[in-house]
Amino acid sequence: MQPPTGQPPPGQRWHTREDSGIRLDAALRWWHDDKPVEHPKIVELFNISLVLDDEGRYQLRIGKDWCYVQVEEAAYEVRTVDVTEDERVSVRLSDRTAEALEPATLTLGSDGVFRCRVKGAKAQARFSRDAQYQLGELLEEGEGGRLFLRAGQRRWAVSLEAPPA
C-alpha cells in the first residue's frame, strides 16, 4: 500500500510515526486524534505495547510496526501491590510486567494519588484505586509522624516529597 500524498481531507491529517495522533492523558486514558480509545482490547494492546526508547520517547510497538505517542504524565498504571516471600514490595503494571517498588520514588500528587518511578526509574507510574488501597495497607505512621512502608519485618521510610528532577 502506497503512503498518502497531497493534502489530507479537510479537518484530518496524515498520520506518521512521528505524529501518530495517539496520546495517553494524565488519567491514563488513551486518545487518538482527540477522540477516546474505548475498545477494551485496543486499550489493553496499547498498554502492553508501550515502551520507552533509548532517547526517552514513548513508542507503541506492535509487531514490526511502531509510532511515537505523547504521554502527558505517567506512562504506566500500578494495578497491584504485592509483598514477596523475601519481604519486598512488588508492583504489577498495566503492561503486564512486575518489578520491585523503590520506596524512595513514591510521591503523592496534589490529586491524592500515589505515583512511583518504574522501568529503571526512567518512567512514572500512577497507582490505580485498588493498588493505592493495597499500598495504604502497608503504610504505617512511626515516631514523629514519619511514614513507613512495611513488608513483613522490613520497613522503609517514605518521603512523599517529589524527588529532585
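Axes are lines fitted to C-alpha atoms, for helices over the stretch in contact, and angles run from 0 to 180 degrees between N-to-C directions. Contact here means heavy atoms within 4.5 Å.

A word on the model: it is predicted, so local features need pLDDT of at least 70 and side-chain atom pairs count only at pLDDT 80 or more, while totals for chains, interfaces and linings use all residues. Residues are numbered from 1 along each chain as its sequence is written, and side-chain values use heavy atoms, with hydrogens and water left out.

Three bridges hold the antiparallel pairing of E14 with strand E15 (residues 147-151); two strands pair if DSSP finds at least two bridges between them. Across this pair, Glu-141 stands opposite Leu-147 in E15.

Another open sheet, also of three strands, has the order E4-E5-E6 with antiparallel pairing. Its edges are strand E4 (50-52) and E6, each with pairing on one side only. Here the twist averages 30° from one strand to the next. Helix H1 packs on this sheet, touching E4 and E5, and its direction makes about 115° with that of E5. E4 and E5 run antiparallel and are joined by three bridges, with Val-51 opposite Gln-59 in E5. On to the next pair: strand E5 (residues 58-62) and strand E6 (residues 65-68) are antiparallel too, joined by four bridges. Leu-60 faces Cys-67 in E6. The hairpin of E5 and E6 has two residues between the strands, and Gly-63 there takes a positive phi near 60°.

Finally, there is Ile-48, which sits in helix H1 (residues 40-49). Ile-48 counts as partly exposed because its relative accessibility is 34%, where buried means under 20% relative accessible area, exposed over 50%, and partly exposed in between (1.4 Å probe, protein chains only).
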